Structures are given as C-alpha cells and as structure tokens.
Amino acid sequence: MDGQSKPTLKLMIVDDSNIIRRRIERSQQIARLEVVGAASNGREAVELFRRTRPDVVTMDLTMPEMDGVECVQELVAINSNVLILVVSALADKATAVDAIEKGANGFLCKPFTDRQLNDALEELLSEA
Amino acid sequence: MLKEEEIRTFIDGATNYFEISAQQTATVGSPYLVTDGNPGAYEYTGVIGISGSRKGIVYFSAPRGMLTVLLMRMQETDTSDENIKDLVGEVANTISGNARRDFGKNFVISVPTVIAHDLQKVMAPHSRSYVIPINWRTHSAKLVVCLE
C-alpha cells in the first residue's frame, strides 16, 4: 500500500435487461469498482441497496414494478451520498434534467460504447 | 400519420444502434407504407407501446441469426433464447427511447413486450404502418412504426 490508493467502491447495476446488466459488469474497467449485485427493477434495487450498501449505482429508467426515477429518489433517501449514473435510452433533455434533479449524478445515453461507459463512471467517481 | 422527418428519427435511431452496439454500419432500405394492417415480422419481435403525445406501437423484428451475431459483437457469450428475446426488446426500447430526442418527453414508451416463434401474434393496432427495412451483414430485419 502506498497510502495514496483510493478505497474500493461497491457498484450495483440496475437494468431490466440481463444483457445490459452483464455488459456493464463486463465492460467497466475501473479498478476501484467492485460489483456487489444487480437488480432488474426498481423495487428489487431498493431491497438490494439496503442489503449491500453500494457506493455507486448504474440506473436504467424504463423498468417494470418501479421506474428508475422513483428508484433514484428512494436510494437517495436511504443514502444521500450514493453516486448514481443513469444509463437510459430516453434521449430527451428533460428526462436527464429530471433524473439529476431527483438525485442522480450523471446521465449516459444508450446505446453506449465501453469507452463512453468508463468515461462516464470516471467522471462520476471524480465527485467521490 | 408520420412526417418525413419523423421517419428519419427512427432511421437514425436504428443505424445509430448498430454503429455503436455492433460497431458496424447497418444500411437502411427505402421505408414503405403498409395499409393492410399487416406489416410482417421475423422470428423475434420487440414491441414498444407508445402513449402520451402519440399513440401506437414501434416494433423491431429480426431473425435469430442476426440477433445471435449482434450479441456476439457485443461480447456476449450467452446466446440462449432468453438472451435473444432480451436483446430484441432492448433494441426496440433503445430506438424508441432515442426518438424522444426529437419527439420530446411526452412521447411515452412502455417496457418491451417480446413475441417469439409466433409471427401471427405480431399485429399493428392501426391499418397504416411504416416499415423501415434494415440490412446488416447478410441479415435483414425491420423496424415498424405504427402511430396515430
């Protein structure tokens, strides 16, 4: 240990698509991020969040049970320090602004490249 | 009835999806209007319900071969039927969601419904639909836009 290295942060992935959940897990190359779980809807995400206490969350918006914006609000109410990157196909500016106002910290539009994902996560972590 | 620039929104969404997700260009054939309520489908179809400022559906339909190769291009090794269905829904969701860049927030999209192995179940809610043919590698698919 050099005393300078940053602590590992726990990452939770939320998306109703299994292939997107797997893609984010596979493609994220940030050494200090450790995936602690994945959820396929907002309700499942809130339960997993309480159990695993992640520091960082990637959040889809259009999901069954509980949508992403509602879920962002719930997660922020549990831990206001959580960093949330919304990863959604909803490309209008109003949706991004709404998600940020509800407590998200960044927005990445689908479809995305591995590079775009990692850049967005790096930017998010610069706030940590 | 769709305007020409509105059809362009969906064409751009489809080409952008392949360009970014598969990192390969897809070509789009000339869109055409179907008026008999039967725009047709391939083996797998992801359907998005549209409500709010517009009403109807958008669906992306493709054969298994195309979807399998697309999954592989995305570095996904699991090409099970479940993942193929997941992918066709995600493509439909992404193209429809991206359309909000032009249509705005009131173009409300549903979560995807996937129809597989049953072409008869794929139905348009109105008689008039625009079909956008998509060609990628050796495969053909279609994006169908059926809005009031």
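In chain A, 5 strands form an open sheet in the order β2-β1-β3-β4-β5, with parallel pairing. Its edge strands are β2 (33-39) and β5 (106-109) of chain A, each pairing on one side only. Neighbouring strands of this sheet are turned by 20 degrees against each other on average, direction ignored. This is a predicted model: local features need pLDDT of at least 70, side-chain atom pairs count only at pLDDT 80 or more, and totals for chains, interfaces and linings use all residues. Residues are numbered from 1 along each chain as its sequence is written, while chains are lettered from A and ligands numbered from 1 in the order in which they are written.

**Chain A: fold and sheet**

- Chain A has 5 helices and 5 strands. Helices (H or I, at least four residues) and strands (E, at least two) are DSSP runs, numbered from the N terminus.
- Along the sequence, the pattern of chain A is β-α-β-α-β-α-β-α-β-α.
- Strands of a sheet pair through backbone hydrogen bonds, either parallel or antiparallel. Two strands count as paired if DSSP finds at least two bridges between them.
- Strand β4 (residues 83-88) of chain A pairs with β5(A) in the parallel sense over 4 bridges. A:Leu85 has A:Gly106 in β5(A) as its bridge partner.

**Chain A: size and packing**

- With 128 residues, a compact globule would have a radius of gyration near 14 Å, and chain A agrees at 14 Å. This radius is taken over C-alpha atoms, and the globule rule is 2.2 Å times the number of residues to the power 0.38.
- The C-alpha trace of chain A spans about 45 × 30 × 25 Å along its principal axes.
- Of the 128 residues of chain A, 46% count as buried. A residue is buried if 20 or more other C-beta atoms lie within 10 Å of its own, exposed if 12 or fewer, and partly exposed in between; C-beta atoms are placed from the backbone.
- Take the contacts in chain A between residues at least 6 apart in sequence: 62% join residues at least 24 apart. Two residues are in contact if their C-beta atoms, placed from the backbone, lie within 7 Å.

**Where chains A and B meet**

- The contact takes 22 residues from chain A and 21 residues from chain B. α1(A) gives the most to the chain A side, with 6 residues.
- α1(A) packs against helix α3 (residues 81-98) of chain B at an angle of about 90 degrees, with axes 8 Å apart. Axes are lines fitted to C-alpha atoms, for helices over the stretch in contact, and angles run from 0 to 180 degrees between N-to-C directions.
- That makes α1(A) roughly perpendicular to α3(B); the range for this term is 65 to 115 degrees.
- A:Asn18, A:Ile19 and A:Ile20 of α1(A) make this contact with B:Asn83, B:Asp86, B:Leu87 and B:Glu90 of α3(B).

**Residues to find**

- B:Leu143 lies in strand β8 (residues 139-147) of chain B. B:Leu143 counts as buried, with 27 C-beta neighbours inside 10 Å. Among the residues B:Leu143 touches are B:Phe10, B:Phe60 and B:Ile95.
- A cis peptide bond joins A:Lys110 and A:Pro111, with omega about -5 degrees. A:Pro111 sits in the loop between β5 and α5 (114-125) of chain A.
- A:Glu65 is not a glycine, although its phi is positive, about 70 degrees. A:Glu65 counts as partly exposed, with 16 C-beta neighbours inside 10 Å.
- B:His117 also has a positive phi, about 60 degrees, and is not a glycine. B:His117 is exposed, with 10 other C-beta atoms within 10 Å.

Note on methods
Parallel < 35°, antiparallel > 145°, perpendicular 65-115°, else oblique. Lists of a residue's contacts leave out its neighbours within four places in sequence.
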